[in-house]
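This briefing goes through one protein chain topic by topic, from the overall build to individual residues. Please keep the sequence and the 3D view at hand while reading.

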Amino acid sequence: MSRAAAIARAHAYFDDGGFLADLTRRVAIPSSSQEPERAGVLRSYLDDEITPALKPLGFMCRVLDNPSGPPVLVAERIENRDFVTVLIYGHGDTIRGLDDLWRSGLTPWKVVVEGERIYGRGTADNKGQHSVNIAALEAVLEERGALGFNCKIMIEMAEEMGSIGLRELCERYRADLLKADLLIASDGPRIAPDKPTMFLGARGGFPIDLTVDLREGAHHSGNWGGLIANAGTVLAQALSTITDARGAIQIPEWRPPLPDSVRKALVGVEVDGGDDGPAIDPDWGEPNLTPAERVFGWNSFEVLAFITGTPDRPVNAIPGTARAHSQLRYVVGTDVNDILPALRRHLDRRGFGQVRVEAGRSSHFYASRIDPADPWVTWVKVSLERTAGSAPTILPNLGGSLPNDIFTDVLNLKTIWVPHSYAGCSQHAPNEHLLAPIAREGLGLMAGLFWDLGDAEIPRPAHA
């Protein structure tokens with residue numbers, strides 16, 4: 001009975017085909033939360049796939065009804081009330097399959113393996129990642145006969161809808177069913193494919209719609225050009241004031257503090273999206289910051305869609321309306337309640353009172369992170385380093401967004417994420433894939449981490 005043997009069991013599960021078999025079965029369940037007709041499939045993923053996987057491991061499983069959206073599974077294995085309690089989070093829902101956009105030979109709901117790539121919707125986000133963690137728990141249980149800590153597992157089915165209803169469920173069950181000391185979860189990408197990574201929170205994502213509605217219909221550009229305002233031009237000019245020509249934010253209230261602890265954590269961090277990732281533009285974004293500081297320690301404003309006139313069938317007419325869907329990715333220290341008011345003030349100062357500003361309809365996640373100096377951060381780092389042979393990269397927060405704030409603010413948990421994917425995985429796009437070497441390494445890292453959590457010989461930070 002040893003740590004090394006538990007890690008070997010986890011690796012054997014991958015090498016012998018167990019991981020691929022489980023992931024193939026899970027990907028075949030088309031659990032897209034963005035398509036209302038799949039509501040029954042979301043419940044089936046919990047009832048027919050995850051619950052049968054957890055019960056043999058000694059977990060008591062409950063599927064909680066969510067008044068606002070799809071159900072949430074909570075499983076618990078309580079070995080001793082005095083043990084530390086870890087909550088493991090994942091989500092079983094995916095975005096739409098986008099079936100017709102995958103390249104020849106690939107389809108979203110069928111796993112296809114090509115070299116080191118395991119293709120299929122949810123392989124990276126998030127079925128593959130929570131499958132790694134469940135299997136790592138099983139490896140420890142098989143080797144030790146017990147975990148040595150209390151474990152609760154939450155699998156939600158609405159993350160791709162903004163985790164609708166999750167906050168309310170956590171508020172309802174925070175004193176009992178979801179009471180824990182530490183969150184260990186896996187989602188998002190590593191900093192580089194070959195670099196084990198930890199992140200401690202997530203940037204927020206605030207959707208913003210900007211609209212210019214000057215008049216009904218369009219009017220001939222020859223008869224009216226130079227006489228009436230062009231809605232597209234007005235909106236383009238308004239957008240150009242939000243950032244400068246290199247994308248650096250020009251609204252003072254949107255420019256966050258960059259704490260020394262965050263800056264220190266990002267020293268030497270290199271952003272690497274893998275072979276298929278885009279090259280970083282060195283002259284884009286906030287000047288005097290490193291690429292890592294720009295994406296993990298700063299805010300960014302992005303125009304995601306812009307329409308005016310009839311771009312697919314252009315005509316010689318001045319458009320009366322224009323719309324842009326944009327997003328502010330923001331870090332802790334940004335006043336979320338002042339995001340829209342600050343934009344309104346900024347546009348008014350520059351004479352763009354005709355631009356309407358409102359929150360977009362897409363999901364909004366709040367920014368959150370724990371202190372990089374927290375004792376649990378050091379403890380998990382040491383465990384991962386012990387397995388990997390080198391220290392993991394520690395990021396203050398993910399560049400993207402997750403419901404991390406629910407765990408920090410509602411459940412009052414320390415939050416540590418250990419991702420098992422990479423930035424070039426095509427999540428939220430056709431041809432999504434998981435890299436087999438990352439999955440295999442992740443199984444060993446998590447088996448080692450869970451072994452250490454249950455090892456009474458290893459001192460742990462104090463818990464409630």
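**Overall build**

The chain has 13 helices and 19 strands, and the model described here is a predicted one.

- Taken along the principal axes, the box filled by the C-alpha atoms of the chain is roughly 85 × 50 × 45 Å.
- Of the 464 residues, 54% count as buried, while the accessible surface of the chain comes to about 19,500 Å², with 50% of it belonging to carbon and sulfur atoms.
- When contacts between residues at least 6 apart in sequence are considered, 81% of them join residues at least 24 apart.

- Strand S6 (residues 150-156) is mostly covered, with 7 of its 7 residues buried.
- Strand S2 (residues 69-77) pairs with S6 in the antiparallel sense over 6 bridges, and strand S3 (residues 85-91) runs parallel to S6, joined to it by 7 bridges.
- Ile155 in S6 stands opposite Leu73 and is also the bridge partner of Gly90.

**Aromatic rings and charges over them**

- The structure holds 8 aromatic pairs. The pair of Trp254 and Phe301 counts as tilted because the ring planes are at 35 degrees, with the ring centres 5.8 Å apart. This pair links distant parts of the chain, 47 residues apart, with Trp254 in the loop between helix H7 (231-240) and helix H8 (260-265) and Phe301 in strand S12 (residues 300-308).
- Both Trp254 and Phe301 are buried.
- Tyr89, Phe199, Phe407 and Trp417 form a cluster that is linked by ring pairs.
- Arg103 lies over the face of Tyr119, at 5.4 Å from the ring centre, and Arg144 lies over the face of Trp451, at 3.8 Å from the ring centre.

**Val113 and its surroundings**

- Val113 is found in strand S4 (residues 112-114), where it counts as partly exposed because its relative accessibility is 45%.
- Apart from neighbours within four places in sequence, Val113 is in contact with Leu20 and Ile118.
- Although Val113 and Leu435 are 322 residues apart in sequence, their C-alpha atoms are 9.8 Å apart in space.

**Backbone features to check**

- Most residues other than glycine have a negative phi, and most peptide bonds are trans.
- The peptide bond that joins Asp125 and Asn126 is cis, with omega at about 10 degrees, and Asn126 is found in the loop between strand S5 (117-119) and helix H4 (127-144).
- Leu98, which is not a glycine, has a positive phi of about 55 degrees. Leu98 is found in the loop between S3 and S4, and at 28% relative accessibility Leu98 counts as partly exposed.
- Asn288, which is not a glycine, has a positive phi of about 70 degrees. Asn288 has its place in the loop between H8 and helix H9 (291-296), and it counts as exposed because its relative accessibility is 75%.

Technical notes: Residues are numbered from 1 along each chain as its sequence is written. This is a predicted model: local features need pLDDT of at least 70, side-chain atom pairs count only at pLDDT 80 or more; totals for chains, interfaces and linings use all residues. Side-chain values use heavy atoms; hydrogens and water are left out. Rings of Phe, Tyr and Trp (its six-membered ring) pair if their centres lie within 6.5 Å; planes under 30 degrees apart count as stacked, over 60 as edge-to-face and the rest as tilted. Helices (H or I, at least four residues) and strands (E, at least two) are DSSP runs, numbered from the N terminus. Buried means under 20% relative accessible area, exposed over 50%, partly exposed in between (1.4 Å probe, protein chains only). A charge sits over a ring if NZ of Lys or CZ of Arg is within 6 Å of the ring centre and within 35 degrees of the ring normal. Two strands pair if DSSP finds at least two bridges between them. Contact means heavy atoms within 4.5 Å. Accessible areas come from the Shrake-Rupley method with a 1.4 Å probe; for residues, only the protein chains shown count as cover.
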